Amino acid sequence: MEVCRTKSAIRAQLADWRPAPIVLVPTMGFLHEGHLSLMRLARRQAGTTGKVVTSIFVNPTQFGPGEDFGSYPRDEARDFDLMRKEGVDAVFAPEVSEVYDPAAQTIVETTELAKVLIGKLRPGHFRGVATIVTKLFNIIRPDAAVFGEKDYQQLAVIRTMVRDLDMGIEIIGGPIQREPDGLAMSSRNVRLSPADRAAAPILARALDEAEALAPKGITASRLRSHVRATLEAETRAHVQSVDIRDAHSLETIAGPLTRPAVILLAVKFGQVFLIDNRVVQPPQEEP
Ligand code: AMP
């Protein structure tokens, strides 16, 4: 596996490999099974002739003031070992100063999607995401890129940006990987206290309940109240938001569910911000 620290090094490496198809998996490192599942998806997508490229970059511009940029967990040597085992061909792992020119003045923003849901809780977050992903796409120029459905709104932002700006990169979503007790894997889980770690699977349980209730013909607002009550019964869970949106457009839903919907959760345990989601089905139409 080639380790590239600079834009020129990764570009030179990729120039050697082209025209082999290139599949990119961007990460912020501190890898877990969720990341590795995306690398396997990328490996399959790239086939025997293609190359899998990953990035490890904790992107400062997607963290707000007072968020956990400084304390975000890192372990690069372990990450490189795990990537080698997954057959990753090259990793781009630059310093912040290599990526951002202090004189930069250009941003990428999905104007509507960036304002809602997590965008409301974390102002500027999706502008940071869209801008860094655009820069990674321009540096690496992949044919396809793989992102996790765990970050549902992020995936929607990236699909929208690729469509709106004619980037011509295939975007592939990978399913959420979970711990045996249902907690969605996240690099941030290691920062949960033992008591919070024990309480955190409440997100998955609330989503399981919603998944069972949705096909029975409950309205979106009643489903939302039910999920919120389940979460709030866990006193360690500080609910930031519970939203039910159209699974494709992310538009709000009023009244009964008639199309697949996504339940989006954001919950804090102490200082640790966790998200999770589930796509649920409406009642089946009578034949
Ligand atoms: P991160 O390092 O948190 O920025 O995540 C890098 C990529 O891994 C993103 O596309 C995430 O959506 C994805 N990811 C994170 N956690 C999971 C998970 N539990 N299952 C599947 N994909 C995940």
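**Helix 9 against helix 10**

I started with helix 9 and helix 10, and I note them as roughly antiparallel to each other, because their packing angle of about 155 degrees is over the 145 that this label needs. Everything here is read from a predicted model. Helix 9 covers residues 202-213, helix 10 covers residues 220-232, and their axes are 9 Å apart. I looked up the handedness too: helix 9 passes helix 10 in a right-handed crossing.

Which residues of helix 9 and helix 10 meet? From helix 9 I wrote down Ile202, Leu203, Ala206, Glu209, Ala210 and Leu213. Facing them from helix 10 are Leu223, His226, Val227, Thr230 and Leu231. Sorted by class, this contact has eight nonpolar residues, two polar ones and one charged one.

**How confident is the prediction?**

I checked the pLDDT before going on. The mean for the protein is 97, and 100% of its residues reach 70 or more. Which element has the lowest mean pLDDT? That is helix 5 (residues 118-121), at 96, while strand 4 (residues 90-92) has the highest, at 99. A reminder to myself: where pLDDT is low, predicted coordinates should not be read in detail.

**The three-stranded sheet**

Next I followed helix 9 to a sheet. Helix 9 lies across strand 8 and strand 9, and it runs at about 20 degrees to strand 9. These two strands belong to an open sheet of three strands, ordered 7-8-9, with antiparallel pairing. Strand 7 (238-246) and strand 9 (272-280) are the edge strands, and each of them pairs on one side only. On average, neighbouring strands here are turned by 15 degrees against each other, ignoring direction.

How many bridges link strand 7 and strand 8? I found eight, in the antiparallel sense, with strand 8 spanning residues 261-269.

I zoomed in on the strand 1 end. Strand 1 and strand 4 run parallel and are joined by three bridges. Cys4 has its bridge partner in strand 4, namely Phe92.

**Helix 6 and its helix partners**

I looked at helix 6 (residues 125-140) with helix 7 (residues 152-164) first. Their axes come within 10 Å and cross at roughly 55 degrees, so I call the two helices oblique to each other. The crossing is right-handed. On the helix 6 side the contact uses Phe126, Val129, Ala130, Val133, Thr134 and Phe137. On the helix 7 side I noted Gln153, Gln154, Val157, Ile158, Met161 and Val162. By class I get nine nonpolar residues, three polar and no charged ones.

Then I took helix 1 with helix 6. Here the axes come within 9 Å and cross at roughly 50 degrees, so this pair is oblique as well. Lys7, Ile10, Arg11 and Leu14 of helix 1 meet Asn138, Ile139 and Ile140 of helix 6. The classes come out as four nonpolar, one polar and two charged.

Last, I went through the loops. The peptide bond from Arg18 to Pro19 is cis, and its omega is near 15 degrees. Where does Pro19 lie? I placed Pro19 in the loop between helix 1 (7-17) and strand 2.

The other entry is Leu117, which has a positive phi of about 55 degrees although it is not a glycine. Leu117 lies in the loop between helix 4 (96-99) and helix 5.

Conventions. Residues are numbered from 1 along each chain as its sequence is written. This is a predicted model: local features need pLDDT of at least 70, side-chain atom pairs count only at pLDDT 80 or more; totals for chains, interfaces and linings use all residues. Side-chain values use heavy atoms; hydrogens and water are left out. Axes are lines fitted to C-alpha atoms, for helices over the stretch in contact, and angles run from 0 to 180 degrees between N-to-C directions. Helices (H or I, at least four residues) and strands (E, at least two) are DSSP runs, numbered from the N terminus. Angles under 35 degrees count as roughly parallel, over 145 as roughly antiparallel, 65 to 115 as roughly perpendicular and the rest as oblique. A crossing is left-handed if the near helix is turned anticlockwise from the far one by less than a right angle, and right-handed if clockwise. Contact means heavy atoms within 4.5 Å. Ala, Val, Leu, Ile, Met, Phe, Trp, Tyr, Cys and Pro count as nonpolar, Asp, Glu, Lys and Arg as charged, and the others, Gly among them, as polar. pLDDT is the predictor's confidence in each residue, from 0 to 100. Two strands pair if DSSP finds at least two bridges between them.
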